[in-house]
Amino acid sequence: MTAPIAIIGAGIAGLSAAHVLNTAGHEVHLFEKSRGSGGRMASKRSDVGSLDLGAQYFTARDRRFIDAVNQWRAKGCVAEWDPALYQYRAGALTPSQDEQPRWVGTPRMSAITRAMVGDLPVSFGCRITEAFRGPQHWSLQDAEGHNHGPFSHVIIAIPAPQATPLLATAPKLAAVAAGVVMDPTWSAALAFKTPLETRVEGCFVQEGELDWFARNRCKPGREADYDTWVLHGTSAWSRAHLDASKEQVIEQLHGAFAEIIGCAVPEPAFTLAHRWLYARPAQSHQWGALADADLGIYACGDWCGTGRVEGAWLSGFDAASRLLDHLQ
Ligand SMILES: Cc1cc2nc3c(=O)[nH]c(=O)nc-3n(C[C@H](O)[C@H](O)[C@H](O)COP(=O)(O)OP(=O)(O)OC[C@H]3O[C@@H](n4cnc5c(N)ncnc54)[C@H](O)[C@@H]3O)c2cc1C
Ligand SMILES: NC(=O)c1ccc[n+]([C@@H]2O[C@H](COP(=O)([O-])OP(=O)(O)OC[C@H]3O[C@@H](n4cnc5c(N)ncnc54)[C@H](O)[C@@H]3O)[C@@H](O)[C@H]2O)c1
C-alpha cells in the first residue's frame with residue numbers, strides 16, 4: 001500500500017489540493033493548527049451571530065474556479081451577494097455600484113471549507129513544526145513533539161512566513177517563500193441593537209485608517225438580530241498599530257467608520273477585534289505553486305498567486321496537478 005499524502009493547512013488552498021488528489025484516487029491527510037477549517041476564510045461565532053472577520057466575499061474569473069463556485073452553489077454553501085456598494089474618497093461617500101458578481105459562503109463564509117472537508121481525514125488543533133524526508137518517505141513533527149507519517153508527499157498550504165521553516169529540506173523553495181512579504185490587517189466588528197440609518201452595505205475606502213467596511217448581516221443567510229458591521233484597517237495602518245490593544249483598535253476604527261458613514265452611530269452593543277498577522281501578500285506572484293517534484297514537496301497558498309480566495313484555490317489546484325503529473 002502506498003503512503004498517504006500529507007497536506008499542512010486546511011484553508012481553501014489545502015482543501016483545493018486535497019479535493020484534486022482525493023478525486024484522482026489518492027489518500028490524503030490534512031493537518032490544521034486551528035480547531036476548524038477555513039483559515040482566513042473562517043467565520044467567528046459570537047454573541048451576535050457569526051461574523052466574517054477575514055475574507056468578505058470573492059470574485060471568480062478563472063473558468064476552473066467558476067466551475068467550483070457553481071458546484072458550491074448547487075450544494076447550497078455559496079450564494080451571490082449583491083450589496084449596495086459605496087466608495088469613500090476625498091471626504092465624500094458616493095454610490096459605486098458595478099456589474100461584478102460577488103460570492104459569499106452561506107450561512108457563513110466558513111460553510112465552503114466545511115463542505116470541502118466532508119469526510120476527509122483532518123487532524124485539527126495540530127500545528128506542524130517540522131517536515132523530515134527519510135530515505136523513502138516524509139514524516140512530520142507537531143508542536144507537542146508527536147510524529148506523524150509515513151507520507152509519500154507533503155503539500156504545505158500555509159502563509160509564506162509560516163511555510164518557510166517547514167521547507168527547510170528544500171532550500172530553494174524555502175528561499176522563495178522567505179522572500180514573500182505578507183501585510184497584516186486589523187479587523188473589527190461592531191453590532192448595534194437598532195439598525196443604522198444608512199443604505200450602505202459595503203464600502204471601498206480610499207483614504208484614512210480604513211480599507212473596507214461591510215454590513216455583515218445583509219449577506220445571505222446571516223443572523224439578523226443585530227445590525228453587524230465588519231471594518232478592515234489598511235495594511236499601512238494595521239502595520240503601524242500592530243501591537244495596539246484590541247480596545248484601541250476598536251476605538252480608532254469605530255471612530256473612522258462613524259466619520260464616514262454619514263448617519264448617527266450609537267455606542268455598539270458588542271465589539272470584537274482580530275489581528276490577521278499574515279493577511280495578504282504585499283504583491284501578487286504568478287508562481288501557481290512551488291514544487292520540488294523529486295523530493296516530493298510542494299507549497300501553495302494565496303501568496304503564490306493573486307492574494308485572494310480565487311488565487312488560493314487555484315494555487316492548491318496547481319500544486320496537486322503538478323504532483324499528479326509527476327506520478328505519471
Ligand atoms: C482581513 C482579510 C480580508 C480578506 N478579504 C478578502 C476578500 O474580500 N476577497 C478575497 O478574495 N480574499 C480576501 N482575503 C484573502 C483570502 O482570505 C485569502 O487569500 C485566502 O483565504 C487564503 O487561503 P490559503 O488557504 O492560502 O491560506 P489560509 O486561509 O491562511 O489557510 C492556511 C491554514 O493553515 C493553517 N496553518 C498555518 N500554519 C500551520 C501549521 N504550522 N500547521 C498546521 N496548520 C497550519 C492555518 O490555521 C490556516 O487554517 C482576505 C484576507 C483577510 C485576512
Ligand atoms: N484586507 C485584507 O487583508 C485583504 C486581503 C486580500 C484581499 N482583500 C480584498 O479582497 C477584495 C478581493 O478582490 P477582488 O478582485 O476579488 O474583488 P473586486 O473586484 O470587488 O475588488 C478589487 C478592488 O477593486 C476596487 N473596486 C472594485 N469594485 C469597486 C467599486 N464598485 N467601487 C470602487 N472600487 C471598487 C477596490 O479597490 C477593490 O479592492 C479586494 O477588495 C481586496 O482589497 C483584502
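Mentor: A residue is called buried when its relative accessible area is under 20%, exposed when it is over 50%, and partly exposed in between, using a 1.4 Å probe and protein chains only. Helices (H or I, at least four residues) and strands (E, at least two) are DSSP runs, numbered from the N terminus. This is a predicted model, in which local features need pLDDT of at least 70 and side-chain atom pairs count only at pLDDT 80 or more, whereas totals for chains, interfaces and linings use all residues, and side-chain values use heavy atoms, with hydrogens and water left out. Residues are numbered from 1 along each chain as its sequence is written, while chains are lettered from A and ligands numbered from 1 in the order in which they are written.

Trainee: How many of the residues of strand 17 are buried?
Mentor: Strand 17 sends Asp227, Trp229, Leu231 and Gly233 one way, and Thr228, Val230 and His232 the other way, and all are buried. Strand 17 is largely enclosed by the rest of the structure, because the number of its residues that are buried is 7 of the 7.

Trainee: Which residue is the bridge partner of Trp212 in strand 17?
Mentor: Strand 16 (residues 210-215) runs antiparallel to strand 17 (residues 227-233), and the two are joined over 5 bridges. Within strand 17, Leu231 stands opposite Phe213, and the bridge partner of Trp212 is His232.

Trainee: Over how many bridges do strand 14 and strand 17 pair?
Mentor: One position to look at here is Val230 in strand 17, which has Ala189 opposite. Strand 14 and strand 17 pair in the antiparallel sense, and the number of bridges is 6.

Trainee: Which residue of strand 20 stands opposite Val154?
Mentor: Another open sheet, of 6 strands, has the order 9-2-1-13-20-19 with mixed pairing. In this sheet, strand 13 (residues 153-156) and strand 20 (residues 297-299) pair in the parallel sense over 3 bridges. Opposite Val154 stands Ile297.

Trainee: Is the crossing of helix 1 and helix 8 left-handed or right-handed?
Mentor: The axes of helix 1 (residues 12-23) and helix 8 come within 7 Å and cross at roughly 35 degrees. The residues of this contact divide into 12 nonpolar, 2 polar and no charged, where Ala, Val, Leu, Ile, Met, Phe, Trp, Tyr, Cys and Pro count as nonpolar, Asp, Glu, Lys and Arg as charged, and the others, Gly among them, as polar. A crossing is left-handed if the near helix is turned anticlockwise from the far one by less than a right angle, and right-handed if clockwise; helix 1 passes helix 8 in a crossing that is right-handed.

Trainee: What is the relative accessibility of Val309?
Mentor: An unreviewed UniProt entry places the feature "binding site" at residues including Ile128 and Val309, with positions in the numbering used here, feature names shortened, and annotations that may be inferred rather than shown by experiment. Val309 is found in helix 8 (residues 309-327), and, not counting residues up to four places away in sequence, Val309 touches Ile12, Met41, Ala55, Phe58 and Phe65. Val309 counts as buried because its relative accessibility is 10%.

Trainee: What is the relative accessible area of Ile128?
Mentor: Ile128 lies in strand 10 (residues 128-133). Leaving aside neighbours within four places in sequence, Ile128 is in contact with residues including Ile8, Phe31 and Leu166. Ile128 is buried because its relative accessible area is 8%.

Terms used. Contact means heavy atoms within 4.5 Å. Axes are lines fitted to C-alpha atoms, for helices over the stretch in contact, and angles run from 0 to 180 degrees between N-to-C directions. Two strands pair if DSSP finds at least two bridges between them.
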